[in-house]
Amino acid sequence: MTTPKKIMLLGSGELGKEFVIAAQRLGQHIVAVDSYNDAPAQQVADEREVIDMLDGNALDALVAKHKPDIVVPEIEAIRTERFYCYEKQGIQVVPSARAANFTMNRKAIRDLAAAELGLRTARYRYAASLEELISAVENIGLPSVVKPLMSSSGKGQSIIRSTSDIENAWSYSQSAKRGDITEVIVESFIPFHTEITLLTVTQKNGPTLFCPPIGHRQERGDYQESWQPCRISETLLMEAQEMAEKVTRSLGGAGIWGVEFFLSDEGLYFSELSPRPHDTGMVTLVGTQNLSEFELHARAILGLPVPEISLMRAGASAVILAEMEGNMPRFSGLEEALALPGTDIRIFGKPSARPYRRMGVALASGDPESDVEAIKKQAITSAAKVNVLCEQRK
């Protein structure tokens with residue numbers, strides 16, 4: 001007989017919400033933590049807490065209060081060095097304390113991937129000040145991409161196309177970063193034709209498994225649409241799987257990973273790695289796979305078997321964005337959006353909105369051999385019919 005685990009979820013956004021639902025369906029007890037109250041995952045969790053997760057003492061106190069069996073980080077802005085202490089206390093950290101520390105900081109994961117493991121990446125430098133950024137751009141060349149070492153969903157990311165862009169890029173990186181690290185990574189711009197996420201599942205007692213590749217398109221560093229499967233050659237797919245297995249094996253632990261790659265005319269480049277469900281993987285909510293990325297994450301964390309991952313349908317997702325700032329968001333156009341055959345809508349339940357904030361997602365699907373481009377257009381059309389309405393903040 002298996003005793004239910006108490007899982008502490010650190011970060012309670014829309015990805016966390018779907019994970020909570022998946023874990024509860026397996027009989028688990030969830031404590032959802034975030035920096036504000038009524039975050040999406042808190043709305044469905046068994047318990048909730050509101051703290052600043054960059055306050056290590058507050059985080060320690062919360063762990064001591066709830067005594068979780070498992071700690072699952074969902075965001076970057078966490079005092080992750082505390083995770084090593086939790087592991088010593090017998091708490092399972094997902095995927096592992098080492099993995100969480102490395103992947104929550106772009107510097108650690110890039111140095112591991114490029115310098116230690118020899119994966120092919122863009123040329124890169126680091127900068128901790130405007131002056132260092134100017135020097136790094138001179139070394140890397142134009143165009144170049146600037147990203148805070150700690151951020152998510154493209155926050156703080158920009159492309160420098162001329163030297164006149166450097167100062168604005170530095171200012172934006174500092175205003176939009178997550179956490180308290182000022183340093184940025186400066187990368188050479190890769191002229192890629194396709195960007196994919198390879199969802200990778202590491203298990204406690206089983207082989208590493210891979211989901212069918214997911215293609216996606218970004219604006220402002222944040223994904224706008226994703227589709228599965230993304231048709232790539234068998235040779236490139238095998239190369240991506242080998243690179244994903246190499247880096248996840250080095251980091252250790254069990255769970256799902258979002259491993260991102262650029263596909264260019266020169267070949268495959270490793271881009272980034274997330275040790276948790278990936279936003280582009282929300283396409284799996286429409287049944288593209290026999291198990292969604294959230295169900296896979298829950299099974300892997302709990303040590304439950306994942307015998308196989310099978311493609312069941314072709315699908316696509318398109319984000320629903322807010323256009324204004326305000327509270328108590330409401331949504332119009334749902335009837336029209338859902339009238340399209342093969343579509344579905346997920347509203348995340350965020351208590352406030354701001355321009356470009358992701359408030360929901362439209363999903364579309366078809367048979368496995370369907371034209372993915374047509375399904376993607378269907379998801380985009382459905383998303384465009386939904387409008388976010390808010391009470392203006394006073």
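## A helix pair to start with

Glu245 and Arg249 sit 4 residues apart in helix α8 (residues 234-251), which means about one helical turn separates them. Helices here are DSSP runs of H or I with at least four residues, strands are runs of E with at least two, and both are numbered from the N terminus. The two side chains form a salt bridge, with the closest N and O atoms 3.8 Å apart. That term stands for a side-chain nitrogen of Lys or Arg within 4 Å of a carboxyl oxygen of Asp or Glu. Glu245 is partly exposed at 28% relative accessible area, while Arg249 is exposed at 56%. Buried means under 20% relative accessible area, exposed means over 50%, and partly exposed is in between (1.4 Å probe, protein chains only).

A word on what you're looking at: this is a predicted model, where local features need pLDDT of at least 70 and side-chain atom pairs count only at pLDDT 80 or more, while totals for chains, interfaces and linings use all residues. Residues are numbered from 1 along each chain as its sequence is written, and side-chain values use heavy atoms, with hydrogens and water left out.

Side chains of opposite charge can pair when their charged atoms come close. The count for this structure comes to 20 salt bridges. One of them joins Arg82 to Asp60, with the closest N and O atoms 2.8 Å apart. Arg82 lies in the loop between β4 (70-73) and α3, and Asp60 lies in helix α2 (residues 56-66), so this pair ties together parts that are 22 residues apart in sequence. Both ends are partly exposed: Arg82 has a relative accessible area of 21%, and Asp60 has 26%.

Asp344 and Arg346 also meet in a salt bridge, at 2.7 Å from N to O. Asp344 is partly exposed at 30%, and Arg346 is partly exposed too, at 23%. Then there's a network of salt bridges, linking Glu14, Asp222, Asp279, Lys350 and Arg358.

Aromatic pairs come to 4. To pair, rings of Phe, Tyr and Trp (its six-membered ring) need centres within 6.5 Å; planes under 30 degrees apart count as stacked, over 60 as edge-to-face, and the rest as tilted. Phe83 and Tyr86 have ring centres 6.1 Å apart and planes at 45°, so that pair is tilted. Both residues lie in helix α3 (residues 83-88), 3 residues apart, or about one turn of the helix. Phe83 is buried, with a relative accessible area of 0%, and Tyr86 is buried as well, at 1%. Tyr124 and Tyr126 make an edge-to-face pair, with 5.6 Å between centres and 65° between planes. Both of these tyrosines are buried.

Some rings have a charge over them, meaning that NZ of Lys or CZ of Arg is within 6 Å of the ring centre and within 35 degrees of the ring normal. Arg98 lies over the face of Phe102, 4.5 Å from the ring centre. Arg120 does likewise with Tyr269, at 4.4 Å.

## A greasy spot outside, and the cysteines

Ile159, Phe189 and Phe192 form a nonpolar patch on the surface, with about 220 Å² of accessible area together. Phe192 lies in strand β10 (residues 192-202) and is partly exposed at 32%.

What about disulfides, and how many are there? A search of the whole structure finds 0, where a disulfide would be a pair of cysteine sulfur atoms within 2.5 Å. Cys85 is partly exposed at 41%, while Cys390 is buried at 11%.

Most residues other than glycine have a negative phi, and most peptide bonds are trans. Here, a cis peptide bond joins Val94 and Pro95, with omega about -10°. Pro95 is in the loop between β5 (92-93) and α4 (97-103). The bond from Leu142 to Pro143 is cis as well, with omega near -5°, and Pro143 is in the loop between α6 (130-140) and β7 (144-148).

Lys67 isn't a glycine, yet has a positive phi near 50°. Lys67 is in the loop between α2 and β4 and is exposed, at 62%. Tyr356 has a positive phi of about 70°, in the loop between β19 (352-353) and β20 (358-366).

Methods
Patches are made of residues with over 30% relative accessible area and no salt bridge: like charges are joined within 9 Å, nonpolar side chains (Val, Leu, Ile, Met, Phe, Trp, Tyr) within 5 Å. Accessible areas come from the Shrake-Rupley method with a 1.4 Å probe; for residues, only the protein chains shown count as cover.
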